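I am opening my notebook on this structure.

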Amino acid sequence: MTNIANFNNVLFNWWRKITAWAWADDIIFNWFWLQNTNYMITEINVRNMPKINLLTYDNPKNDWWWVLDRFYKQRTITMNWRVKWTDSDDIEDKIDNLKKALSVKTWYLDFKVKWVYRRILCSLTNSDIIDRKHYDIDHWKFKLTFTALEPFWSEKTWSTATFTGVNDEINEDINNEWNLYSNPIFNILVNSATNMDMISLKIWNNQIVIEKPISTADIIEINTATKEVLINEQSVDFSGKFPRLEAGVNWLNVVANGTYDLDIAVLYPKNYL
């Protein structure tokens, strides 16, 4: 008669040899490591493209139609994995810890690629996460399905372009190295200002204009992702359209009136499909 417990133990140890060394600490959700010597992923789907929506125009006088634009929407990420346990108390603790991590409404899923973490905002969408069979002696099977609420993976550490001692109109290049656009955050520290009541920030044809008295030591933040403009953490009125960094080299123009000295930092993520 086959010793099921011994068979499972041998199989589990074999999995550990081929997966744990490569995946340890590589997948994290809500500060919970989804891959280690006790939680081992056997199948994962993080490479698929996000859902694509096409904006099309149907020409009634022809047999074809045109794609006017294409938009990326949410994506689905699935994981199958096994949880190693030693006794009933151990597996209950592991299940409770897992469910605690998954209980958040939304959180970032971090995935290591070439020693760099990429992340995406997710929410767990399946409730049938446990699939234990009677022959699973020392491990339980789990399946997690996440729905990503944004289409792109982004590097966890953002890139920064800085321009210091700005006292006149600038026209500078910012290189967004990857092949997708980014929504940057602009932080402007006003080192000194006299008779300054207008500042304009422009990338290509998209421009934000703030018309408000600006003083020494003010901190201006323009967040193109949340569509907010703040001075000293207070919302202010503005005009124009929020710029974004397209793939490749971008042309940044900043101009203000009066006499001023500014430090400008542009923070932006590298985005990946």
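**Entry 1: a buried lysine**

I start with Lys 270, which counts as buried because its relative accessibility is 18%, and the cut-off for buried is under 20%. I note that the model is a predicted one.

Next I look for its partner. Lys 270 makes a salt bridge with Glu 177, and their closest N and O atoms are 2.9 Å apart. I then check where the two residues sit. Lys 270 is in the loop between strand S22 (259–268) and strand S23 (271–272), while Glu 177 is in the loop between strand S13 (170–176) and strand S14 (185–194), so the pair ties together parts that are 93 residues apart in sequence. Is Glu 177 buried or exposed? Glu 177 is exposed, at 54% relative accessible area.

**Entry 2: other salt bridges**

How many salt bridges does a search of the whole structure find? I get 6.

One of them joins the side chains of Asp 110 and Lys 156, at 3.5 Å from N to O. Asp 110 belongs to strand S7 (residues 107–113) and Lys 156 to the loop between strand S11 (153–155) and strand S12 (159–166), so this pair ties together parts 46 residues apart in sequence. I look up how covered each residue is. Asp 110 is buried, with a relative accessible area of 5%. Lys 156 is partly exposed, at 35%. I also find a network of salt bridges that links Asp 110, Arg 119 and Lys 156.

Arg 244 and Glu 246 form a salt bridge too, with 2.8 Å between the closest N and O atoms. Arg 244 is partly exposed at 32% relative accessibility. Glu 246 is partly exposed as well, at 31%.

The largest pocket holds about 400 Å³ of space. It is lined by 14 residues, and the closest to its centre are Glu 150, Ser 154, Trp 158, Ala 225 and Pro 269. I sort the lining of the largest pocket by class: 7 residues are nonpolar, 3 polar and 4 charged.

The second largest pocket has a volume of about 240 Å³. Arg 244 turns up again here, in a lining that also includes Asp 69, Arg 70, Phe 71 and Tyr 72. Further lining residues include Lys 73, Pro 151, Phe 152 and Tyr 181. I count by class again: this lining has 5 nonpolar residues, 4 charged ones and no polar ones.

**Entry 3: a nonpolar patch**

Which residues form a nonpolar patch on the surface? I list Leu 55, Tyr 57, Trp 64, Trp 66, Leu 68 and Phe 71, with about 630 Å² of accessible area together. Strand S4 (52–58) and strand S5 (65–72) each supply at least two of the patch residues. S5 gives the most, with 3. I pick out Tyr 57, which lies in strand S4. Tyr 57 is partly exposed, at 42% relative accessibility.

**Entry 4: positive phi**

Most residues other than glycine have a negative phi. I look up two asparagines with positive values. Phi of Asn 30 is near 55°. Asn 30 sits in the loop between strand S1 (27–29) and strand S2 (32–33). Phi of Asn 232 is also near 55°, and Asn 232 is in the loop between strand S18 (228–231) and strand S19 (234–235).

How covered are they? Asn 30 is buried, with 17% relative accessible area, whereas Asn 232 is partly exposed, with 38%.

Note on methods. Residues numbered from 1 in each chain as written. Predicted model: local features only at pLDDT ≥ 70, side-chain atom pairs only at ≥ 80, totals over all residues. Heavy atoms only, no water. 1 Å grid on protein atoms, 1.4 Å probe; cavity = no way out; pocket = protein on both sides within 12 Å on 5 of 7 lines; lining within 4 Å. Points joined across faces, edges and corners; volume = space filled by probe spheres on them. Nonpolar A, V, L, I, M, F, W, Y, C, P; charged D, E, K, R; others polar. Patch = residues over 30% accessible without salt bridge, like charges linked within 9 Å, V, L, I, M, F, W, Y side chains within 5 Å. Areas by Shrake-Rupley, 256 points an atom, 1.4 Å probe, with all protein chains shown as cover. Salt bridge = Lys/Arg side-chain N within 4 Å of Asp/Glu carboxyl O. Helix = DSSP H or I, 4+ residues; strand = E, 2+ residues; numbered from the N terminus. Buried < 20%, exposed > 50% of the residue type's maximum accessible area, 1.4 Å probe, protein only.
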